[in-house]
Amino acid sequence: MTYQLDFGWLIGSLPVLLKGIRITVQLILIGAVFGVALGISCAWVRALGPKWLKPVVATYVELIRNTPFLIQLFFIFFGLPSLGIRMSELTAANLAMIVNLGAYSCEIIRAGIQATPRGQFEAGASLAMTPLQTFWHVVLVPALQRIWPALSSQIVIVMLGSAVVSQIAAEDLTFAANFIQSRNFRAFETYIVSTLIYLVLASLLRQLLASLGWMLFPRKASR
Amino acid sequence: MTEFSFWDILRNLLLAARWTVVLSLVSFIGGGIVGAALLFLRIGGRRWPRLLSRGYIQLFQGTPLLMQLFLAFFGLGLFGIDVPAWLAACVALILWTAAFLAEIWRGCVESIAKGQWEASASLGMGYLQQMRYVILPQALKVAVPPTVGFSVQVVKGTALTSIIGFVELSKAGSIVTNATFQPFTVYGLVALIYFALCWPLSKSSQLLERKLNVAHRNH
């Protein structure tokens with residue numbers, strides 16, 4: 001092998017990389033907050049929601065979980081404009097991530113809710129809590145605590161999956177890498193560097209979610 | 001300009017879907033073999049192979065599949081060979097699948113109670129015999145539902161190979177869109193074909209899980 005690895009381009013390309021990192025971080029933060037919120041709403045529908053809404057949510061969850069993220073992204077960005085719904089690349093990327101995470105987190109949270117003993121609902125009702133109050137305080141919070149590790153890994157998976165949004169020209173880290181390697185013709189080195197950045201981002205995100213878990217659920221699980 | 005009927009679109013997509021199926025099968029089988037090797041390194045007694053296998057798994061689970069595809073595509077090229085997209089796609093997907101399967105299976109082997117190891121050791125069985133007659137038959141039963149469940153991720157993972165230029169279902173979707181200017185129909189159909197491939201797998205994973213009555217696992 002006569003090829004010499006060369007990382008001399010790194011310093012000049014730093015601003016582009018940093019911008020890419022910023023966009024990727026921004027995408028996953030927004031995606032995680034709204035995605036989990038969507039997941040909680042869907043889990044509520046499937047546990048206690050109106051009957052007519054349940055099949056709708058079930059269909060949504062199955063459709064998203066059984067199609068690739070790339071196709072969901074293309075459908076939102078290229079397909080929806082023919083219905084008159086247009087949006088920028090970043091909005092489309094964010095929307096796709098939210099919709100995707102929403103479906104997965106719905107399933108995860110639902111599993112946590114199903115592990116709640118029936119008596120807890122009744123206990124909540126006997127304390128004169130409204131169904132919504134019972135859901136929030138008695139069911140949801142312990143359920144979230146139970147499934148927090150699974151939810152965290154799903155968020156990390158969505159973050160790694162977000163590399164794909166470069167394909168609709170959302171300027172994330174992968175987009176930055178593609179841009180840089182088209183300038184310096186050092187494809188392998190560029191992708192090695194961006195892969196390592198993803199690795200660091202993923203482990204930082206894991207740490208962040210773990211600390212968030214300790215903050216949100218300071219008490220030990222009741223069971 | 002040629003007009004494309006709905007049937008033309010569907011036919012072309014279905015033809016391309018064959019490659020999605022082939023690539024999924026190759027990745028899954030290849031990944032299974034490499035994954036099994038990783039598993040034995042991971043749960044074996046020696047320290048360095050264990051750490052190596054763990055590092056491998058963390059590396060592949062902590063980086064985007066897309067980056068792995070790019071690295072396979074451009075990295076193999078460094079050796080002076082002209083890398084066709086299908087080769088890079090197979091290599092990256094096999095290595096990626098292996099990391100996840102090894103980790104799933106490790107969970108299954110470790111779920112076997114410690115007493116089983118001790119009981120079989122007390123019968124004078126060696127490591128290989130313990131594995132062959134006691135641990136693996138039980139672990140296999142636990143492993144079936146999550147493994148089938150993960151095959152869905154493999155099928156969905158193959159969509160990314162379109163980005164390095166392998167013509168499978170997703171790439172065909174882009175090509176057909178460029179020819180017909182009907183992204184809504186085309187990507188809708190592409191999504192439905194993927195759904196038709198993945199949903200039976202997801203469902204059978206759920207059914208197997210219920211049937212074999214093992215603890216719930218998210219994947």
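In the predicted model described here, helix H7(B) is followed by B:Phe181, a residue whose phi is positive, near 55°; helices (H or I, at least four residues) and strands (E, at least two) are DSSP runs, numbered from the N terminus. Because the model is predicted, local features need pLDDT of at least 70 and side-chain atom pairs count only at pLDDT 80 or more, while totals for chains, interfaces and linings use all residues. Residues are numbered from 1 along each chain as its sequence is written, and chains are lettered from A and ligands numbered from 1 in the order in which they are written.

H7(B) itself has 12 residues and reaches 16 Å from its first C-alpha to its last, which is close to the 16 Å expected at 1.5 Å a residue, where the expected span is 1.5 Å times one less than the number of residues in the helix. Several residues of H7(B) are buried, including B:Leu169, B:Ser170, B:Lys171 and B:Ala172; a residue counts as buried if 20 or more other C-beta atoms lie within 10 Å of its own, as exposed if 12 or fewer do, and as partly exposed in between, with C-beta atoms placed from the backbone. The buried residues of H7(B) pack against helix H3 (69-79) of chain A, together with helix H1 (6-43) and H8 of chain B, and contact here requires that the C-beta atoms of two residues, placed from the backbone, lie within 7 Å.

The contact between the two chains takes 32 residues from chain B and 35 residues from chain A. On the side of chain B that touches chain A, helix H3 (65-77), helix H6 (127-157), helix H7 (169-180) and helix H8 (183-212) each supply at least two residues, and H8(B) gives the most, with 11 residues. By class, this side of chain B has 22 nonpolar, nine polar and one charged residues, where Ala, Val, Leu, Ile, Met, Phe, Trp, Tyr, Cys and Pro count as nonpolar, Asp, Glu, Lys and Arg as charged, and the others, Gly among them, as polar.

Chain A contains eight helices and zero strands, and its C-alpha atoms fill a box of roughly 75 × 45 × 30 Å, taken along the principal axes. Of the 223 residues in chain A, 44% are buried, and among contacts between residues at least 6 apart in sequence, 79% join residues at least 24 apart. A:Leu5, in the segment before helix H1 (10-48) of chain A, is exposed because 9 other C-beta atoms lie within 10 Å. A:Leu5 and A:Arg186 are 181 residues apart in sequence, yet 8.4 Å apart in space, C-alpha to C-alpha.

An unreviewed UniProt entry places the feature "domain: ABC transmembrane type-1" at residues 21-209 of chain A; UniProt positions are given in the numbering used here, feature names are shortened, and annotations may be inferred rather than shown by experiment. Over residues 21-209 the chain is 81% helix and 0% strand, with the end C-alpha atoms 18 Å apart. For chain B, UniProt (unreviewed entry) lists "transmembrane region" at residues 20-44, 56-79, 85-105 and 184-202. Residues 184-202 of chain B are 100% helix and 0% strand, and their end C-alpha atoms lie 26 Å apart.
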